[in-house]
Amino acid sequence: MKKLTLICLFISSVIFAQSIGQWKIYSDMKDVKKSFSVSGKIWAISKGGAFNFNSDENSYLILTKAEGLNSQTLSAMCVDKNNKIWFGSTEGYINIYDPSTGDVNRILDLYNTGKSQKQINELISVNDTIFAATDFGLSLINSSNYSFYDSFLKMGSFPSESKVLSIFKSSLIYAVTEKGIAVQKQGAQNLSVPESWNTYPFESIANVNSASKISKFDGEILLATNAGVYRLTNNSWIPYLLAGENIVDMFTLNTTAYFLTQHVLFSYSGGKTTTLYENYDSKLNSIYVSNDFKIYISSENGLLELNNSTSKTIYPDGPVANRFN
């Protein structure tokens with residue numbers, strides 16, 4: 001009996017000394033939130049992490065916590081001037097993935113603020129700066145060393161720490177907030193003071209209760225709202241296109257503007273509005289159009305690629321859902 005006991009203990013010590021190998025996480029990535037392409041490869045974020053699809057090889061690169069992300073419930077994404085991919089999460093994490101090395105860097109400042117709501121709603125890259133729209137304001141981050149230039153928590157007459165949903169930067173900064181639209185005043189330098197912003201509360205815009213995106217098209221500033229597309233004219237927002245439609249996203253490329261509702265994609269060019277795609281069986285989340293005019297629609301049932309007369313749905317294999325009873 002003693003010999004048997006010693007043998008069992010010896011075997012146990014050998015088993016636990018062995019390496020357990022590399023962990024992999026398999027998650028449901030069908031509910032795609034946003035997408036864009038870099039060097040011909042499409043990136044997308046979802047509630048289960050991020051993925052990169054290489055159409056030439058029909059292969060996926062998967063990024064989850066196992067690959068170094070702090071979170072898999074991703075809500076924002078952009079690419080900086082050095083082709084590093086920035087991911088923002090619902091918890092306030094920012095992770096930066098370097099495709100050339102596979103390294104992941106982390107920015108925890110927003111997560112560590114102690115705010116109850118700190119989701120990253122949008123990330124955009126402008127020269128050396130990353131603009132981070134969050135649940136409590138707007139932050140500007142140096143894309144080279146990941147330090148914060150500044151954070152703006154009160155814009156004009158809007159309450160402090162209003163949720164910022166989307167950002168657009170041209171000669172001025174335009175912010176879509178939960179209360180309305182904030183626009184940098186011409187010549188304003190210190191954007192930390194409320195007086196540097198002009199504000200347009202939703203109640204001042206006819207029929208508008210919310211907005212999702214702001215952009216520039218054909219020399220005009222356009223606003224995607226729950227009541228159609230508006231344009232900024234003589235310091236006022238006036239109806240422009242698709243009156244009554246709830247526009248969830250907008251994208252402009254050259255002479256064409258694209259407008260997405262929860263079920264329909266429209267294009268506008270040369271004064272003509274065209275319905276490009278309809279799907280009433282799935283919720284559509286966002287729109288991206290590559291330079292070769294491939295259209296990518298992020299939906300709750302995968303990433304749809306429209307290429308001329310062909311279409312396909314893109315998402316990696318995984319479980320049916322990320323919730324198990």
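A salt bridge is defined here as a side-chain nitrogen of Lys or Arg within 4 Å of a carboxyl oxygen of Asp or Glu. The model is predicted: local features need pLDDT of at least 70 and side-chain atom pairs pLDDT 80 or more, whereas totals for chains, interfaces and linings use all residues. Residues are numbered from 1 along each chain as its sequence is written, and side-chain values use heavy atoms, without hydrogens or water.

**View 1. Salt bridge between Asp-31 and Lys-47.** The closest N and O atoms of the pair are 3.6 Å apart. Asp-31 lies in the loop between α1 (2–17) and β1 (32–38), and Lys-47 in the loop between β2 (41–46) and β3 (49–54); helices (H or I, at least four residues) and strands (E, at least two) are DSSP runs, numbered from the N terminus. Asp-31 is buried at 17% relative accessibility, while Lys-47 is partly exposed at 46% (buried, under 20% relative accessible area; exposed, over 50%; partly exposed, in between; 1.4 Å probe, protein chains only).

**View 2. Salt bridge between Glu-305 and Lys-312.** Their closest N and O atoms are separated by 3.9 Å. Glu-305 is buried, with 8% relative accessibility, and Lys-312 is partly exposed, with 33%.

View 3. Asn-301 is partly exposed at 40% relative accessibility. Beyond its neighbours within four places in sequence, Asn-301 is in contact (heavy atoms within 4.5 Å) with Lys-30, Asp-281, Ser-282, Thr-313 and Tyr-315. The C-alpha atom of Asn-301 is 7.4 Å from that of Val-32, 269 residues away along the chain.
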